[in-house]
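Please open the structure in the viewer and keep the selection panel at hand.

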Amino acid sequence: MITEIAPAPERVVSEPARPRGRRRAWDEVPRWQIYLPLSVYLLFTLVPFYWILLFALRPAGSTSLVPWPVTFEHFGKVWTDRGFGTYFANSVYVGFATLVLTTVVALAGGYALARFDFRAKRGFMLALLCSQFVPGALLLVPLFQIFARLSMINSLGSVVIAETVFQLPLSMILISGFIRNVPYSLEEAAWVDGCNRLTAFRIVVLPLLRPGLIAVGSFAFVHAWNHFLFALMFLSDQGKQTIPVGLNTLMSADSVDLGALAAGGIIAAVPVVVVFAFIQKWLITGFSAGAVKG
């Protein structure tokens, strides 16, 4: 039996005043004690990226610590000769398809978890949480058999479905938290004005979920973009493989082309960096909103 959850009474929570003593103690800390650890951490983080850029931009056989003269021969080699243009297009398709499918299904499930009360709801939530402890490698054999019976082996659709299934539990839990933070009275006001539940959700609730949807969608896209295992197991045709599998082809048992590998790594990392640079504000807002219980 499914019953609708009654709206909780609105509570006004006063923010506790910050102790002045702590503020004064923090202001009295010497600046070098703050900037020195941050500088060391920043150096530790940026040196590997500089090393990748060094191998990608300097000529083959060079041992210089400065990429001069700058060359883009490694990028042209991996993009055309090694098929990274095809890998890139396949990864874009898998990433965006996983993003859309995960967001739509998680939005419907999250709304049900947030607005309705049904039997075994706690057990269902517990099952969603426990599913996060199951590694993907454990389910490769049954997934392979299912996709083989559906004639989906060597199809990008199999990778999209597998990625969506593994992203849904966490995405559904996050979106349910976002929806709980939307006041129930807004939907009730839309119903009074003549809207049905679907119209009220589309007009009132959905625009307020933009930060949460961006957070969930970006998380699904990045995971699908970087995931190696499903693409390796379900795709046998080289023309349908994704960038993580393409990077693996640059390494062999006898030798490794460091320049090509570094260039391929930069090609794989740039889209993710660009995406996070544009959605950083909404990403932080979305995760912080989903972490607060309404």
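Begin with the accessible surface of the whole chain: in this predicted model, the area comes to about 18,300 Å², and carbon and sulfur atoms account for 68% of that area. Of the 294 residues, 34% count as buried.

The chain contains 13 helices and 2 strands. If contacts are displayed between residues at least 6 apart in sequence, 74% of them join residues at least 24 apart.

Now select residues 84–115, helix α4, together with residues 156–180, helix α7. Two packed helices are described by the angle between their axes and the distance between the axes. Here the axes come within 6 Å and cross at roughly 40 degrees, and the crossing of α4 past α7 is right-handed. Colouring the contact of α4 with α7 by residue class gives 17 nonpolar, 10 polar and 3 charged residues.

Which residue forms a salt bridge with arginine 115? The partner is glutamate 187, with the closest N and O atoms 2.6 Å apart. A search of the whole structure finds 1 salt bridge. Glutamate 187 belongs to helix α8 (residues 184–192) and arginine 115 to helix α4, so the pair ties together parts that are 72 residues apart in sequence.

Finally, colour these two residues by relative accessibility. Are they buried or exposed? Glutamate 187 counts as buried because its relative accessibility is 0%. Arginine 115 is also buried, with a relative accessible area of 4%.

Note on methods. Residues are numbered from 1 along each chain as its sequence is written. This is a predicted model: local features need pLDDT of at least 70, side-chain atom pairs count only at pLDDT 80 or more; totals for chains, interfaces and linings use all residues. Side-chain values use heavy atoms; hydrogens and water are left out. Axes are lines fitted to C-alpha atoms, for helices over the stretch in contact, and angles run from 0 to 180 degrees between N-to-C directions. Helices (H or I, at least four residues) and strands (E, at least two) are DSSP runs, numbered from the N terminus. A crossing is left-handed if the near helix is turned anticlockwise from the far one by less than a right angle, and right-handed if clockwise. Ala, Val, Leu, Ile, Met, Phe, Trp, Tyr, Cys and Pro count as nonpolar, Asp, Glu, Lys and Arg as charged, and the others, Gly among them, as polar. A salt bridge is a side-chain nitrogen of Lys or Arg within 4 Å of a carboxyl oxygen of Asp or Glu. Buried means under 20% relative accessible area, exposed over 50%, partly exposed in between (1.4 Å probe, protein chains only). Contact means heavy atoms within 4.5 Å. Accessible areas come from the Shrake-Rupley method with a 1.4 Å probe; for residues, only the protein chains shown count as cover.
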